[in-house]
Amino acid sequence: GTTEYKKDEYDLFIENDWILRGASDEYVNVKNQGYIVDIGNPGYQTWLANWYKNNLNDYGLDGAFLDNLMPNNEVWYSVSEWPINPRTNSSWHQTEVTAAYTNLVNTVKDAITPKIVVGNMVMTGTHFFRADLHQSYVDFLANSKLDGFLCEMWVSTYQASEWYTEDQWKKGIDLAVWVDANYLSRGNKIFWTMSDNAGTIWPEGEVILPSGVTSE
């Protein structure tokens, strides 16, 4: 967040212009989370790859987890204003986001191989099959070197005591079927699903479930 950073890293990002700006020329931020980084900048991608490589080696860890890895315009949620792509001087096109995240993941993977790269990138089956988003997920999974991904709202919603409709739940099952046929079949081994309602909810630290329902 904006109040939790290393000054030398912050200064480096400012010096290299790695923070995205909007049409107002102000830095784009997400409320209470900090600024938006230029995911398509090759310099930033290389810096991040080396950051992971050094930390994984220093701490003896097995791989990298990249949060908010939605390879489409869904990644720009809750922003102060829509970011401008500095290479086009226009708003980011969905295909540009997909290409940027593909290059970023591949740069990280190349730096830390044989360690793994896993991303949090599909919220729900409904998102995955949505007409305006589906191709971005398909292209990203086909062209990136991602070893696996997390679907964190697979069969229930987030921070609410309700379950999905039958259609929403069915799309989650359809996603698992698609992954088995089109992703795991290529040799990938990680498809991590979870249901937030069945676990501890951040930040309150309590389980939110419908009346009479247990996490089991």
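Contact means heavy atoms within 4.5 Å. That rule is used throughout this report.

## About the model

This is a predicted model, in which local features need pLDDT of at least 70 and side-chain atom pairs count only at pLDDT 80 or more, while totals for chains, interfaces and linings use all residues. Residues are numbered from 1 along each chain as its sequence is written, and side-chain values use heavy atoms, with hydrogens and water left out.

## Helix 1 against helix 2

Helices (H or I, at least four residues) and strands (E, at least two) are DSSP runs, numbered from the N terminus. Helix 1 spans residues 7-15, and helix 2 spans residues 42-59. Their axes come within 12 Å and cross at roughly 160°. Axes are lines fitted to C-alpha atoms, for helices over the stretch in contact, and angles run from 0 to 180 degrees between N-to-C directions. The two helices are therefore roughly antiparallel, a label for angles over 145 degrees.

Which residues of helix 1 meet helix 2? They are Glu9, Leu12 and Phe13. On the helix 2 side are Tyr44, Trp47 and Trp51. By class, this contact has five nonpolar, no polar and one charged residues. Ala, Val, Leu, Ile, Met, Phe, Trp, Tyr, Cys and Pro count as nonpolar; Asp, Glu, Lys and Arg count as charged; the others, Gly among them, are polar.

## Helix 2 against helix 3

Helix 3 covers residues 94-112. The axes of helix 2 and helix 3 come within 8 Å and cross at roughly 35°. Helix 2 brings residues including Tyr44, Leu48, Tyr52 and Leu56 to this contact. Helix 3 brings Ala100, Leu104 and Val108, among others. The class count is ten nonpolar, four polar and one charged.

## Asn72, inside a loop

Asn72 sits in the loop between strand 3 (63-66) and strand 4 (84-85). Is Asn72 buried or exposed? Asn72 is buried, with a relative accessible area of 0%. Buried means under 20%, exposed over 50%, and partly exposed in between (1.4 Å probe, protein chains only).

## Asp132, in another loop

Asp132 lies between helix 4 (125-129) and helix 5 (134-143). Asp132 is partly exposed, at 45% relative accessibility. Its side chain makes a polar contact with the side chain of Arg130 (2.8 Å).

Methods. Angles under 35 degrees count as roughly parallel, over 145 as roughly antiparallel, 65 to 115 as roughly perpendicular and the rest as oblique. A polar contact is a pair of N or O atoms within 3.5 Å; within protein, one must be able to donate a hydrogen and the other to accept it, and residues adjacent in sequence count only if both atoms are side-chain atoms.
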